[in-house]
Amino acid sequence: MAVSATVVLSGAAFADVTVSQSNDPSITLGGQMTSLLGMERTAMGQVAPARLAALADGVQVKRPAVKRVAKKSGLPEISTPNLIRYDNSFLDALPVTSGDQQWQCLTTALYHEARGETIRGQFAVAEVILNRVDSASYPGTICGVVNQGCQFSYTCDGKSDRANEKGAWNRAGKIARLMLDGAPRALTAGATHFHTVNIRPSWSRRFERTAAIGAHLFYRQ
């Protein structure tokens, strides 16, 4: 029987500790556990309480807050957030946002394509749009991606793009701002396509499915 323990410290992994009774039959399981727990307490005591709370509470970005320019998008320098949670309470605590034309295009796409989805589902749709921006197969800006042909149904349905639901618009704007500011794309494994579960486009048979979130299925080209 082997007992292993791993402790994460400030982004680095504390080395795995493995003790096997087959190596020394005189060592009891109780002694092994006491030793391992003592090491864990010592390691955890070096982690700041705020760091522990952050690790337990949300998705941690594995890089420090920095400024960068999004690839190919022509966007201004943006700051990377440290922590993202996919829930209403997290978004509700954020101030109402605004931005340039690229922010406007992303917010409009999220509002019309995903406002009926969960917060996680809306972040997932944002990932698809940004993944396309990063792909050589698609236009290099957000506005170019969402307005390419009829790739996004709301651009070709003949209806006004005006947002009549203020709350949904504000949520979409906050999600757009977070994604433009470097939130992790942790939901769809690089997806470039999505569709609702009640249709089956021809490309869904060719592309690899990467995620199912709410009423949407996601695929990577």
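**Close-up views of a predicted model**

**View 1. A disulfide joins C150 to C156.** C156 is partly exposed, with a relative accessible area of 39%. C150 counts as exposed, at 52% relative accessibility. (Buried is under 20% relative accessible area, exposed over 50%, partly exposed in between; 1.4 Å probe, protein chains only.) This is a predicted model: local features need pLDDT of at least 70, side-chain atom pairs count only at pLDDT 80 or more, and totals for chains, interfaces and linings use all residues. Residues are numbered from 1 along each chain as its sequence is written, and side-chain values use heavy atoms, without hydrogens or water. The two sulfurs of C150 and C156 are 2.0 Å apart. (A disulfide is a pair of cysteine sulfur atoms within 2.5 Å.) The torsion about this S-S bond is about -90°, so the disulfide of C150 and C156 is left-handed.

View 2. A search of the whole structure finds two disulfides. The link of C105 and C143 is right-handed, with 100° about the S-S bond. C105 lies in helix α4 and C143 in helix α6 (residues 142-146), so the pair ties together parts that are 38 residues apart in sequence. (Helices, H or I with at least four residues, and strands, E with at least two, are DSSP runs numbered from the N terminus.) C105 counts as buried, at 13% relative accessibility. C143 is also buried, with a relative accessible area of 9%. With the bonded cysteines of the protein numbered in sequence order, the pairing reads 1-2, 3-4.

**View 3. W103, Y111 and W169 form one aromatic cluster.** The structure holds seven aromatic pairs. One of them is W103 with W169, an edge-to-face pair at 6.2 Å centre to centre and 85° between the planes. (Rings of Phe, Tyr and Trp, the last by its six-membered ring, pair if their centres lie within 6.5 Å; planes under 30 degrees apart are stacked, over 60 edge-to-face, the rest tilted.) W103 lies in helix α4 (residues 101-114) and W169 in helix α7 (residues 166-180), so this pair ties together parts that are 66 residues apart in sequence. Both W103 and W169 are buried. Y111 and W169 also pair edge-to-face, at 6.0 Å centre to centre and 65° between the planes. This pair links distant parts of the chain: Y111 sits in helix α4 and W169 in helix α7, 58 residues apart. Y111 is buried, as is W169.

**View 4. Arginines lie over ring faces at Y111 and F207.** R115 is 4.4 Å from the ring centre of Y111. R206 lies over the face of F207, at 5.1 Å from the ring centre. (A charge sits over a ring if NZ of Lys or CZ of Arg is within 6 Å of the ring centre and within 35 degrees of the ring normal.)

**View 5. T107 is a buried residue of helix α4.** Its relative accessible area is 0%. What does T107 contact, leaving aside its neighbours within four places in sequence? T107 is in contact with W169, A172, G173 and A176. (Contact means heavy atoms within 4.5 Å.)

**View 6. Helix α4 is largely enclosed by the rest of the structure.** Eleven of its 14 residues are buried. Among them are Q102, L106, T108, A109, L110, E113 and A114. What covers the buried residues of α4 includes α5, α6, α7, β9 (193-196) and β11. From first C-alpha to last, α4 reaches 19 Å, close to the 20 Å expected at 1.5 Å a residue. (The expected span of a helix is 1.5 Å times one less than its number of residues.)

**View 7. Helix α5 (residues 119-134) has 16 residues.** Of these, 14 are buried, so α5 is largely enclosed by the rest of the structure. Its end C-alpha atoms are 23 Å apart, which agrees with the 22 Å that it should span at 1.5 Å a residue.

**View 8. Strands β10 and β11 form a hairpin.** β10 (residues 208-213) and β11 (residues 216-220) pair in the antiparallel sense over five bridges. (Two strands pair if DSSP finds at least two bridges between them.) A212 has L217 in β11 as its bridge partner. Two residues lie between the strands. In the turn, G214 has a positive phi of about 60°.
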